[in-house]
Each structure stands twice: as C-alpha cells, then as structure tokens.
Amino acid sequence: MTGAIADPSGPTVESTEVADLTPERLRDAYRWMVLSRTVDERCLSLQRQGRIGFYAPLAGQEAAQVGTALALKPEDWIFPAYREVAVALVRGTPLGRVFDQMIGNAFDTSKGRQMPNHFAWRDQHYVSASSPIGTQITQAVGAAMAAQRRRDGIVTVTFFGDGATSSNDFHAGLNLAGVFQTPTVFVCQNNQWAISLPREQQTRSATLAEKGSAYGIPGVVVDGNNLRAVYTAVSEARRRAVSGGGPTLIEALVYRFGPHSTSDDPRRYRTDQQVAAAKERDPIALLRAELIESGDWDAARDAQLLERLRAEVATAFEASEAAPPVDPASLFDDVFLTPTPRLEEERREFAEREPMGGPRP
Amino acid sequence: MTELTLVQAVNRGLHEAMRQDPEVLVLGEDVGVNGGVFRATEGLYKEFGADRVIDTPLSETGIIGAAIGMALYGLKPIAEIQFLDFIYPAFDQIVSELAKFRYRSGGQYPCHVVVRAPYGGGVKGGLYHSQSTEAYFAHTAGLKVAIPSTPADAKGLLLTAVHDPDPVIFLEPKRIYRAVTGEVPDGDHRVPFGQARLVREGNDVTLFAYGAMVGPAAEAAEALAAEGISAEVLDLRTLVPLDERAILASVEKTGRAVIVHEAARTCGFGAELSAVLAEKAFYSLRAPVARVTGYDTPFPYALEQAYLPNGETIAHAARTTVRAG
C-alpha cells in the first residue's frame with residue numbers, strides 16, 4: 001500500500017505508518033464513506049425535488065475526505081471549502097444537523113444564513129465555509145499562527161480543489177505558511193475539474209503538489225481514491241506539523257463523479273466514457289474490495305449497511321424537514337454583536353410588514 | 001494628558017492596547033523592525049517582540065486572511081494595510097469573509113479584527129497613495145468604519161476599535177498625521193463609536209466632515225463667522241455606526257447642510273448623508289443640501305490641491321446654501 005503515495009517531482013515523504021488502521025478502523029472508515037455517498041445521492045435527489053437549495057456533490061472524494069478527517073484530532077481546526085460533507089460527518093456532526101443546515105430551518109446552527117454545504121460547527125472546530133475560492137487557505141494559516149503562539153500543539157487543515165491553486169489566497173497562504181513554518185496541512189482534492197476547466201488547463205505544472213516547493217513546503221501526491229494512502233499522508237503531515245516541521249501540501253488525486261453543482265451539466269465539457277473510466281477506481285468500491293478480500297466484510301453485511309444508512313438518512317431528513325422554519329426576525333441578528341441604530345431601525349421597519357410579503361394591510 | 005501628533009496618538013493607542021491584553025497583536029508590512037513606514041508602530045517590536053508584532057510578506061490578502069484566522073482562533077489582531085490604496089488585494093477577504101463571518105455562522109465565529117490604514121490625499125501621493133474610499137467599507141454590512149480627526153480621537157477611537165468584538169476599518173488621515181497636535185489623555189482613553197463630535201456650534205448652516213476634512217471645515221466656519229454666517233461643524237468620527245441623532249438635531253437647528261469629504265462624489269458617503277437628510281430632515285431644510293467633495297476623476301498628482309476640498313470651497317458652498325433660503 002505504500003506505493004499509493006507517488007511524488008514524481010518533489011521531496012519524497014516516507015509513508016509506511018499505517019499500523020493504527022486496524023480492520024475495525026477500516027470498517028469504520030468504510031461506513032463513513034458509504035454514509036457520505038448516501039447523503040450525497042439523497043441531496044441530489046432532494047434538490048431536484050426542490051426540497052433543498054443548490055448542492056455541490058462530493059461523490060468520488062469520499063476517501064480523500066474521510067481519510068483526512070480520521071487522521072486528525074478533535075482539537076485540530078478545519079477550514080473547509082463547500083464540498084466537505086464527509087469531513088463534517090466524521091468530525092461528529094449528527095446527520096440531522098447536516099440536513100438542518102441544508103434546509104436552513106430553525107435548528108440550523110448557522111440560522112439559515114447559508115446555502116447547503118456551507119457548514120459551521122464551532123464545537124468541532126469546523127470553520128464556517130464560504131463560496132469564494134481559496135479564501136479559507138490564508139485563514140487556516142492565520143489560525144495556525146495563533147496556535148503556534150499559544151503553543152497549542154494542534155494543526156489547521158484546509159481543503160480546496162485544483163481550481164483553487166490558481167487563486168490569490170493559495171499563493172498568499174502557502175507563502176505565509178512557509179515563512180512562518182505554521183502547523184498547517186493543505187489538502188488539495190484534485191478532482192480534475194474546476195467546473196468545466198480540466199486540470200491540465202488550470203496550470204502548466206506537472207503536479208499541484210510541486211507548487212509547494214516554490215514556498216519551501218513539502219508537497220506530496222497521493223492516490224485520493226485510496227483511503228490508506230490519504231490517511232497515511234495526512235498522519236505524517238500532521239506529525240511533522242505538531243513537531244515543528246512546518247506545513248505540508250497534499251495533492252489527493254480524485255475524480256469528481258458528479259456535476260460541479262446541481263446547476264451544472266457536465267456533459268457540456270466531458271464525456272460519459274471519461275466518467276465511467278474514472279469510476280473504475282471508485283474509492284468506496286476499492287475499500288470494499290479490500291475489506292472483502294481480507295475477510296473483514298462480505299456482500300450480505302454490505303447490503304445491510306447500505307439499507308441501514310439509507311433509512312437513517314431518510315429519517316434524519318424527514319425530521320429536519322418537519323422542523324420549524326427560521327424566524328424571520330433573526331434576519332438582523334449577528335451582523336454585529338450589538339446592532340447599530342440603523343439595523344434596529346430596519347428591524348422595526350421589517351416588523352411592520354408581512355415577513356415574506358409587503359406591508360401589512 | 002500629553003501633547004501628541006495624530007500618528008503619535010495612534011502609536012500610544014497601540015501600545016496601550018497591547019499592554020492591556022496579551023491577545024492583541026499587530027501584523028503587516030514593515031510594522032515590526034522598521035516601526036511602520038509612517039512610524040505608527042514604532043517601539044512595539046522592541047516592547048512586545050516578534051511573536052506579537054509580525055512583519056509579514058508583501059501580501060494584503062495574506063495579512064487580512066491571516067488576521068481573520070487568528071481572530072477565529074481567539075486572538076485580537078490589528079492588521080495594518082500600508083496605504084488604503086493597496087487594500088484591494090484583500091478586498092475579497094474583507095468583504096466576503098471578515099464582514100460576514102459572524103453572520104454566516106449564526107454567531108459562532110465572530111471576527112475580532114481591526115484593519116488600520118492611512119488614507120487620503122494632500123501628501124503628493126498621486127493616484128495610489130491618496131485615495132479616500134471609505135464608502136466601499138461603509139456599504140458592506142458587518143463592518144464598522146472609524147475615521148479620527150484629532151490626536152485624542154485617534155487614540156480613543158482606536159482603543160474602542162480594539163475592544164469592539166466586530167471588525168473595524170480604522171482609517172487614519174495621513175495628511176494630518178503630523179500636521180495636528182493636541183492633548184491626549186494617558187492610559188485607557190476610549191471614545192465611543194456612533195457619537196459625532198461637535199467641533200463648533202453655529203445656527204445658520206451645518207458643515208459635516210470627518211478625518212482630514214474636519215480642519216478645512218473648521219477654517220471655513222471661521223471665515224464665515226467673519227462674514228456674519230454662523231456655521232456649525234460636526235465631525236462624524238464613525239460612519240458605521242452613524243450618529244443620525246446628532247446629524248438630524250443639527251440640521252433641525254440650522255436648516256442647512258454642507259457635506260464635505262475628499263472621496264469622489266458619486267456614491268461617496270455624502271450621498272448617504274444627503275439621503276438621510278432628505279428622508280428625515282426634509283421639513284427642516286431651508287436650502288438644498290450641498291456636497292463639497294473630490295471629483296469623479298482618479299486622484300490627481302500635480303492637481304491634488306485643486307481636487308481636494310479646502311476652506312475656500314467649503315465656505316463658498318456654505319454661502320451659496322445660506323443665500324438659497
């Protein structure tokens with residue numbers, strides 16, 4: 001399995017420490033991956049039915065996300081992009097809270113402020129996600145600088161895609177991290193597509209990981225469909241970071257099986273044959289095969305698991321859908337801790353009209 | 001009380017804030033060893049060390065992005081952008097991130113960040129060391145905007161900004177960094193946000209100004225007094241929150257308003273003030289509201305004094321306003 005980490009250009013990173021991935025933990029990882037795929041499929045269908053808003057699927061990236069999340073400690077900080085449902089689940093977010101956010105109901109901890117997948121869970125150090133590309137990268141470095149100053153012994157981990165490596169904040173963030181040797185793990189999920197732009201048109205660089213060398217940061221390419229490889233690379237990067245060895249850029253090679261989002265039609269820019277070829281290396285199928293081969297799993301248990309997870313997902317979503325809507329009066333909360341006089345004036349004006357309509361008759 | 005220039009008062013404020021709270025730190029370009037290109041951070045590095053006074057690489061988005069990350073983690077960073085003109089690489093971080101974190105996370109992730117930047121013209125700085133673009137920030141929900149015009153306010157508003165749990169854009173009028181001196185209270189001197197400063201009382205017309213334009217507005221009032229026109233001068237101090245009560249009370253008394261800023265006229269903050277007066281003081285107004293502002297051109301180099309409002313142009317507008325009704 002060590003061959004799963006390949007680094008054609010940059011410094012070599014040893015990758016043999018997978019001893020703590022016991023059969024039990026592998027089954028656990030597999031369960032998270034299947035759950036994530038189940039949530040993903042459900043959300044695509046819910047969006048088509050108009051029951052949730054815009055959704056950005058993660059299918060194909062389950063091993064990259066679950067492998068990373070399992071290699072971290074609860075005290076580490078996550079700076080996600082908007083496709084990291086699996087990370088949120090592994091960090092301990094109950095399914096119901098995920099769906100509350102997707103709907104934006106009264107129980108949503110973000111109070112219905114953001115479109116699906118833009119989660120924020122303070123108790124899990126899962127930082128509020130936004131839609132602009134790459135902005136979380138410099139923030140993760142800043143949080144790592146703060147942790148350094150407090151000598152907290154944690155890492156900050158930021159997720160982004162291949163497209164984000166062209167963003168201003170990728171450059172700024174890696175440069176800062178290199179200069180200050182911050183305990184940061186940069187996880188680039190290279191899913192080969194930035195909406196319609198293929199990876200090879202995003203940059204002339206042979207790999208994305210090699211960009212790290214410009215900033216004095218080790219870069220590793222890892223097979224993102226291989227859970228063990230991802231887990232190993234992130235574990236090593238984490239260990240290096242907390243021992244003062246500085247940041248690491250990990251490029252997890254994956255493939256975005258679905259559309260960029262529910263508003264995207266990938267057939268405009270890629271063929272079904274390309275996608276089918278990529279699905280030959282479906283991370284879930286690969287891990288399932290490994291588990292079955294090692295005698296730790298079988299088809300019957302697999303079918304049971306899928307059935308159980310589908311039921312859990314359906315039940316959780318129904319509960320979230322039945323929850324009360326977000327309170328219209330909360331529109332003005334949290335702009336500032338203490339509202340300005342202008343906001344109070346607007347709140348009063350709003351209170352005098354029908355919340356979802358015009359003035360009261 | 002100590003007699004200080006405005007930039008010295010900023011410096012004293014920074015020292016005070018960092019002594020008060022070990023979570024406060026300063027980051028930016030040339031702020032450490034060099035003490036800042038305007039010397040606003042002088043002495044901080046020596047007193048507080050490289051861990052709390054951080055010389056960053058030349059990247060505004062890096063500075064603000066990192067400051068946000070630090071604040072999310074629990075520190076209270078004060079980020080310096082060397083000139084307001086150079087803030088745009090960080091605009092995405094300020095507008096999309098800093099301003100929205102508290103709101104978008106349902107209050108889970110507030111951003112306790114102060115962004116300091118010298119702004120404004122009159123220093124022969126040409127297009128890129130002169131601009132006054134406070135309106136961009138005042139327009140963005142989730143940001144407070146403070147602009148001192150005196151040394152005492154520079155320290156007092158800065159300390160309020162550092163203690164504010166929300167992001168503050170703190171704009172320093174570099175033209176008067178050393179041109180004005182004044183008595184500044186020692187220690188923990190704070191000036192509350194949202195309370196305009198009455199610079200001069202008057203009955204015939206109100207001159208609204210902030211930052212470096214308060215001086216010329218006061219000069220205009222002096223000149224007008226000699227002509228028998230009694231002009232009130234109100235220094236707004238903070239654009240967000242805005243002291244509408246003081247603004248409206250003044251115009252209810254004088255019936256006339258002249259709004260002064262060095263920023264370009266179109267969508268400048270004067271447009272907002274003018275709208276507030278039209279909406280809420282219409283029946284008190286005896287004459288049309290006048291604006292004395294920078295022009296809708298890029299900021300010029302050789303012609304900067306022609307571009308900027310001054311005592312004369314402000315007094316002229318006030319006379320016209322008083323004659324109108």
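## Basis of the model

Because the model is predicted, local features need pLDDT of at least 70 and side-chain atom pairs count only at pLDDT 80 or more, while totals for chains, interfaces and linings use all residues. Residues are numbered from 1 along each chain as its sequence is written, chains are lettered from A and ligands numbered from 1 in the order in which they are written, and side-chain values use heavy atoms, with hydrogens and water left out.

## Domains

In chain A, the domain assignment (bounds come from an automatic or database assignment) gives domain 1 as residues 2-325 and domain 2 as residues 327-361. The centres of these two domains of chain A, taken over C-alpha atoms, are separated by 37 Å.

For chain B, the assignment gives domain 1 as 2-184 and domain 2 as 197-324. Their contact, meaning heavy atoms within 4.5 Å, takes 28 residues from domain 1 of chain B and 25 residues from domain 2 of chain B. The C-alpha centres of these chain B domains lie 26 Å apart, and the two domains bury about 2000 Å² between them, 58% of it on carbon and sulfur atoms; buried area is the accessible area (1.4 Å probe) that two parts lose on being put together, summed over both. Across this domain interface of chain B there are 2 salt bridges, a salt bridge being a side-chain nitrogen of Lys or Arg within 4 Å of a carboxyl oxygen of Asp or Glu. Elsewhere in the description of side chains, Asp153(B) and Arg237(B) meet in a salt bridge with an N to O distance of 2.7 Å.

## The interface of chains A and B

The contact between the chains takes 47 residues from chain A and 46 residues from chain B, and the area buried between them is about 3700 Å², of which carbon and sulfur atoms give 57%. On the chain A side, Arg122(A), Arg149(A) and Phe336(A) lose the most area to chain B, together 17% of what that side buries.

Across the interface of chain A and chain B, 4 salt bridges are found. Arg150(A) forms a salt bridge with Glu23(B), and the closest N and O atoms of this pair are 2.9 Å apart.

## The largest pocket

The largest pocket has a volume of about 830 Å³, and of the 36 residues lining this pocket, the closest to its centre are Arg342(A), Glu346(A), Ala138(B), Val240(B) and Glu272(B). On a 1 Å grid over the protein atoms alone, a pocket is an open set of points with protein on both sides within 12 Å along at least five of seven lines, a cavity is a set where a 1.4 Å probe fits but cannot get out, and lining residues have an atom within 4 Å of a point. Grid points are joined across faces, edges and corners, and a volume is the space filled by probe spheres set on the points.

Helix H12(A) gives the largest share of the pocket lining, 6 residues; helices (H or I, at least four residues) and strands (E, at least two) are DSSP runs, numbered from the N terminus.

## Cavities

A search of the whole structure finds 2 cavities of 30 Å³ or more. The largest cavity holds about 50 Å³ of space, and its lining residues include Phe79(A), Pro80(A), Glu97(B) and Arg104(B). Helix H5 of chain A, residues 135-150, supplies the largest share of this lining, 3 residues.

The second largest cavity has a volume of about 30 Å³, and among the residues lining it are Gly36(B), Phe38(B), Arg116(B) and Tyr177(B).
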